[in-house]
Amino acid sequence: MLEMSDFNRATRAYWLAAVCAGSFILAWAASRALAFTPAEGLELLALASFVVVSTFLRIRLPNTNVCITAGDAFVFLGAILLGTPAAVLLAALDSVINSLRTHKRATSWLFSPATMSVTVLASSSAFYSTLANLYGYARSAVGSAPPRFEQLLVALVVMAVAHYLVNGALVGAMHSLKTRRSVLKFWHDQYLWTSCTFLAAAISAGLMYQAIQTLGLLYVLLSLPVIGATFTTYKIYFERMSEKSREAEELARLHLATVEALATAIDAKDQTTHCHVRRVQIYAAGMGKILGLSHNDIEALKAGALLHDIGKLAVPDHILNKPGKLTSAEFDRMKVHTVVGAQILERIDFPYPVTPIVRHHHERWDGLGYPDALRGEAIPWTARIFSVVDCFDSVREDRPYRSGLSREEASALLLRGAGTHFDPKIVELFLKHLPEFEAEIVGRGLDQHGFTNCEADARAVVEESGAPTPAHPQVAPPAYLEQIKNAHREVYALYEIAHAFGSSLEIEDRCEALINKVGHVVPFDTCVVYLYDPLKNYATVTHAVGRNAELLRERCVAPGEGVIGFVLANRRVAGALDPMLDFREVPLPAGERYRAMVALPLIKDERLLGVLAVYSAKLEEYSDDHQRLLDTVARLASDAFAHALHHAETESNALTDPLTGLPNARSLHARYDEEEARARRTGQNFQIVMLDLDDFKQVNDNFGHQIGDQMLREVARLLQDQLREYDFLARYAGDEFVAIVQDMSEPQVEDLRRRMERAVSRFSLRVHPEAHARVGVSVGSARFGEDGESLSALLIAADQAMYAVKSDHKQRRLRPAPPPEPVIEPHAEDLASTAIN
């Protein structure tokens, strides 16, 4: 099967036609050669031997792809001595051997001899036609006497020119169809020099013919060593010239590569990708060709893609990559990069005009650009082209401080700027030819910001020509560029983490912000934040993302349990332990396994706040660089969490009664507003229950305020036990408590009142072996809507109902009863730390 993956339909058709024509001509030549006399057969065999030998003695001309051989001279000599059929066979033999040595594809092995057969038929026919027209010479294909030397001069020149033109046209057409480039461009770049070789071959053939006619074939054969020595001398000379030329080209390439490496390294500071530069070069060069710019201007555009931002060396990084709008002073500093870049390049003697592009690529069509405020046509063509193509590709790339635009959004941006920022003619032409540029970009594997409709259009352009869709392997940027970009990306990520921490004081928000940004600096499959509770002596998962995150929600870890427990107990980083120790009790999917992890303690001023852990199923281990970055993140997180916890504690103190731990009156008002809104929205009522302790003053008077404080705490616990989880209980003032209960009927409220009175009346606080402190409680309630629609109205109604109950209690004589509840003695630390009620 012939390999034609890079041939479009037109190329395949042309190739087939050329091979068929060449095959027919070869068959015709072979059939005529069968009629040669034995002497002519020997001559053909001798010439074929010389052709074979000459293919191994090629001389490549310096700075060209042209090779000089003696093969064409023997082909022309065969045409003179034996006629057109012999010349066709000799040319096909020469072409086959050269193709086998220089090409690896069977298509070339067939195409080259076929086109050479057509070429020699045409040139040999032109040779004999010239002889016939000028001298009346005519010979049949076989057996006629050869012409005299003086008759050959003009005919040989005609044969050489015909050979050059026909062969160049046949090969150039193939190249043009395959690459969709101009035939004349190929002829100029690759085939111009061959005219000399064909003319030299024709003259050599004439001289050999004259020598044979004058001296005889034997003397000519004896002179071949001298000719071979001369040829070898020229070969050595040209090889040395080629070597010097290659050295000069390599030195120039190294210089250009050095400039490119330094320029792309500078661009990497601005998070500019290597492929961005290559794409801009394609856009700019394509626009230059469309507008008919000179070769030097097109080369300047390509160099400008590399060097246009070299002046950013003079711009501080914090301005260069600032998230958000620059201040006026910062923008003035940014603008100096055009002037500085031009000044740097002025010291280099570039063979093409790069400096105007670097200096003026931020000029605007309306004259409001910088640095020279040029307007309209006063801006150099190259700078106008570059400003359009660079803007289009730059805005499509993601940067740390913004997301890239789509193709449609970037095109709309150019259209909005046409006539103000950009030359409208260039914008129109660029968008018109954009699918063609994108086709080349796709073909070169540079579409790393991902084309959508653009890629479809680009592929359509390729398919219209009949060429197969290119595989376009992705171009990997140099490793050093990634290292430079990563270094600056670290700064952006850490800045974003610090910025995110400052946007909220809520613990949950800060945990979420932390995990969302950790992935910007360190890869992970699962990331978890644990917060440590010193009272409960364990850490709880506060936030988790990634693989198996749902399985880790609300997980608790005690010190010493797994890797997280090790970090809690020892307060140090763990990175070399088996991450599966943390998943022993987690039901992971079958075959799921983590290979690497890092867990870091979150500590602020010797206070253990929690643990940050990252797990990976792909990495074998986290590197020292990963741990360094995580350590920085952990320090930022520790400061943020400490601040958030302090804020939460302060806020809690503002809404919590410090003695009982219940919500205070301020919290009661906030909860009432929520319940009122819910009741008005759903139509479901709620009740306010007010409780006042009986005989509490006697406890304070008889046993002191410390015992009174302890009594309040215990009563608060007893009352809370009688309520449901979603009910609300607050300490309102002194020995008064208020509860908000939902969806209770009157009998249920009455049952709640009795349970509360019974629980409190049966409780006694042992003060010393012979004394117990006891209190009672009076309970009153009011229903929202019936007894009032504001908190103050409901409290008054509930208070009135409560005092009715309290009056009833006063009429009874207090009779102590044996307490069924266990007697509780106050702890010494409670007495020492209790605030006066």
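## Terms and model

A residue is called buried when its relative accessible area is under 20%, exposed when it is over 50%, and partly exposed in between, using a 1.4 Å probe and protein chains only. Helices (H or I, at least four residues) and strands (E, at least two) are DSSP runs, numbered from the N terminus.

This is a predicted model, in which local features need pLDDT of at least 70 and side-chain atom pairs count only at pLDDT 80 or more, while totals for chains, interfaces and linings use all residues. Residues are numbered from 1 along each chain as its sequence is written, and side-chain values use heavy atoms, with hydrogens and water left out.

## Helix H25

Within helix H25, which spans residues 696-703, the residues Phe 696, Val 699 and Asn 700 are buried. These residues lie on the same side of H25, because they cover an arc of only 95° around the axis, the arc being that of the directions from the helix axis to the C-beta atoms. Lys 697, Asp 701 and Asn 702, on the other side of H25, are exposed.

The buried residues of H25 pack against strand S8 (686-694), helix H26 (705-722) and strand S12 (771-773). Just after H25 comes Gly 704, with a positive phi of about 100°.

## Arg 555

Arg 555 sits in the loop between helix H21 (549-552) and strand S5 (556-557), and it counts as buried because its relative accessibility is 15%. Its side chain makes a polar contact of 3.0 Å with the side chain of Tyr 530, where a polar contact is a pair of N or O atoms within 3.5 Å; within protein, one must be able to donate a hydrogen and the other to accept it, and residues adjacent in sequence count only if both atoms are side-chain atoms. A polar atom of the Arg 555 side chain also lies 2.9 Å from the backbone oxygen of Asp 582.

Key: Contact means heavy atoms within 4.5 Å.
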